[in-house]
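Subject: Structure handover

Hello,

Here is the structure you are taking over. Please open it first, then read the notes below.

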Amino acid sequence: MLKGINIKQNESPQESVSTAGHICSDDLATVLGAHDMRRLHRHSWLFILTGLVIQWIFPISIALWSQFHNVQTLWVVVAIGLFIVLGSVLHFLTYRFCIHDGDVVIHYGILFRMTRYVPLHKVHNVTLHRTLLHRWLGVAEVRLESAGNGKRSEALLRVLSLDDARAFERLIEQYHHADERAQESDNLLPLSHMEVLRYGLISNAGLAWGGFLTLLMVMLGVDDWLSNDMPKMVVEGELWHQASFWWLSALVVVATIVLLGKFSTILAAFLGHSHFYLSDSDSHITQRRGLLTKVESHVPREKIQCWRIVQNPFHRWLRRYALHIDTAVTAVKLKNGGSRGIRELVPLADVETMGELLKRWTHTNPLERAINPLHPKADRRIFIRYSLLWLVMLASLAFLWWLFQGEHEGSVIYYWTLFGLWLALLPLNYFAACRRVAFAGWQLERDGWLI
């Protein structure tokens, strides 16, 4: 366990921060055995190999599928596999870190050696990532994130033993709040299986997977079945109208993408948000989730800069809300997998639960306050903006036609078609502007007299 930090009253704030940082870093270095440069866990190469295989699995699969009977292609794939294994082992042997003067110092690189310094007092978020393989081997992937917005974590330690990972976690909590002895509350948002199912139905993140699965079905010859067998099954040898067939094929493709995408989203919801745990203390908010892969994140409450209540049409249909936050750590997708920061703090909650959580964290409930409407002429201004935007887009298409086709025989018809499309879109633009204004509003809270 890390020892507590006692700061003398006669020290200046800067000296106090520096002293606290050195005490914490010394304790952490002692626990990790990282006063001098040390390697990651002995199983680290295995997880590096897994990450590289995931990156290369799609192009290798395409190569194998297209040249399955080509012996030369198979040898190339084998060579790539050996190269990936060798790269994983070399990465493990050359990746070292230590704790020195309040910084995490990381040396990495095979051909080009690089050194990275991560000040511990600037780390805002610690994320522990654990898949089934992590849990079986008793290790965890540690991501240290500070107030950056890059595509990589400030420090990615893949992997450490679970005890070492917990030591990092305790350090950050102790460093930022050394004088607090706050205890985490019970689970504030226990998501039942039905709520997780609703979350999967609401999310649209699986449509891309639906498209990928549909493409895979085409590669497996389903398109031949659509073009040959299905028309015979439907009309039993009668003449099949070409246009009707293509409309039906397009309908089947779209329905397949939606169904497979929604199935993928529901499956991802159960895998990613089962055993959801949300708790808070006086210092930070903790989120744990995942069925197979366990993800645990901690965000300091004072680093939350904006609370955003989200409700798309599916949320409104199910009478649910989601709560997103903006912190000093920008929530973006990482190149090394996973995500940076916590973006979706509350994935799904009803109006009562959302109101209680907002009162707990912000001391107010915006859902209970009246929304002031926008200016009466706001719909006209939005309508003009939409119309001008479409006019610029269609005019660009007309300019590209003139640039590449010149004085073509059908140019006049093409230009008049674009103009007619713009006129046809005017009512739709006005309807969209009116609906946007109807759901828009603002609130202003004022208090005090002299101050």
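Two strands pair if DSSP finds at least two bridges between them. Helices (H or I, at least four residues) and strands (E, at least two) are DSSP runs, numbered from the N terminus.

This is a predicted model, where local features need pLDDT of at least 70, side-chain atom pairs count only at pLDDT 80 or more, and totals for chains, interfaces and linings use all residues. Residues are numbered from 1 along each chain as its sequence is written, and side-chain values use heavy atoms, with hydrogens and water left out.

**Strands**

Start with β3 (residues 103-108). Six bridges join β3 to β4 (residues 114-119), and the two run antiparallel. D103 stands opposite P119 in β4. β3 and β4 form a hairpin with five residues between them. In that turn, G109 has a positive phi of about 115°.

β3 also pairs with β2 (residues 96-100), in the antiparallel sense, over five bridges. Here R96 stands opposite H107 in β3. This is a hairpin too, with two residues between the strands. D101 in the turn has a positive phi of about 55°.

**Cores**

A nonpolar core is a set of buried Ala, Val, Leu, Ile, Met, Phe, Trp, Tyr and Cys residues joined through side-chain atoms within 4.5 Å. Buried means under 20% relative accessible area, exposed over 50%, partly exposed in between (1.4 Å probe, protein chains only).

The largest nonpolar core has 25 residues; L278, L345, V346 and W361 touch the most other members. The elements giving two or more residues to this core are α6 (193-202), β12 (321-327), β13 (344-349) and α11 (351-362). A second, separate core has 24 residues, including I106, V142, A155 and A165.

W361 has contacts (heavy atoms within 4.5 Å). Leaving out residues up to four places away in sequence, W361 touches L188, L278, D280, I285, R301, W307, L323, L345 and V346.

**Rings**

Rings of Phe, Tyr and Trp (its six-membered ring) pair if their centres lie within 6.5 Å; planes under 30 degrees apart count as stacked, over 60 as edge-to-face and the rest as tilted. The whole structure holds eight aromatic pairs. One of them, W307 with W361, is stacked, at 5.7 Å centre to centre and 20° between the planes. This pair links distant parts of the chain: W307 lies in β11 (residues 304-310) and W361 in α11, 54 residues apart. W361 counts as buried because its relative accessibility is 6%. W307 is partly exposed, at 27%.

Ring pairs also link W401, Y414 and Y415 into a cluster.

Best wishes
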